[in-house]
Amino acid sequence: MTVPAGHRLFAQYAYAPNALGYCGPADGKALEAVACGHDVDADVGALARRFSGAWPYQKLIAELSVAEIGGNADPLDDHVVRAYWTGSELTAAIDRRQFGTELLSRFASAAGNYWKHLTDDLLDEVAPTHAFHVFGVYPWSRLLTSGMPQPVQVLDSCRIGWGKVVEVRDDDVIVRSRPLQFDGSLALGDEVDRPVKHRVDSGQFVSHLHVGDNVAVHWDFVCDWLAPQQVDELAYWTDWQLTRTNHRLAHSVG
């Protein structure tokens, strides 16, 4: 038996922030084994439901994919997982207005005062992606004008980045990528080379990495190998989100 593709893909992207204690269950060690393709008995569905950020998106994407394009109702279907974390054709097929209205309604019921910015004012910024959750739902983009470096650092780490492997070493790989910058507006800067982890106790999420491979990076960890089209999709939805977040930021300053 093998780990279902969507279960493994979810574990690959969810592992790093969970291991750092930022989201998901405190006992999420099984994600590591699943992400390496080892633990076929782990209840990934039960683990995924405890991710208060990712799960509502994937559940709603699955629901709307059935209604709109006859998709799979499983929130852990690999097409649904891919649509949320990096963007895909399925992402573009979802009605954003319908998705945003329903998503904000679900979040608002449990959000409390800490998330009081989750109103209909965000609808123009909504996309069924992790990028929207990072830049639109999380409060960090609203702290960019504080003068502190932490908001940019957190946003850059939390978004799904991508880059090209330029060197493979025992403990890490060197990835050439464009970091997030803020100078009145958010943008991706010039390419830089930086070390990124790619090993855990259970092994590697992406085995047999080679120079020239395109990879996804989440919280300074190589979580996925990307085909050229997947790089294009991730770049498109990242740019899409930054454009709309910058519009909000400019409006709020004005």
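1. Strands β1 (residues 161-168) and β6 (residues 214-217) pair in the antiparallel sense over 4 bridges; W162 has A216 of β6 as its bridge partner. Pairing here needs at least two DSSP bridges between two strands, and the elements are DSSP runs numbered from the N terminus: helices are H or I with at least four residues, strands E with at least two.

2. Before you go further: this is a predicted model, where local features need pLDDT of at least 70 and side-chain atom pairs count only at pLDDT 80 or more, while totals for chains, interfaces and linings use all residues. Numbering starts from 1 along each chain as its sequence is written, and side-chain values use heavy atoms, with hydrogens and water left out.

3. That pair sits in an open sheet of 5 strands, ordered β5-β2-β1-β6-β7 with antiparallel pairing. At the edges are β5 (192-197) and β7 (222-225), each pairing on one side only. Neighbouring strands are turned by 45 degrees against each other on average, direction ignored.

4. Helix α1 (residues 5-19) lies across β6 and β7, at about 145 degrees to β7. Axes are lines fitted to C-alpha atoms, for helices over the stretch in contact, with angles from 0 to 180 degrees between N-to-C directions; contact means heavy atoms within 4.5 Å.
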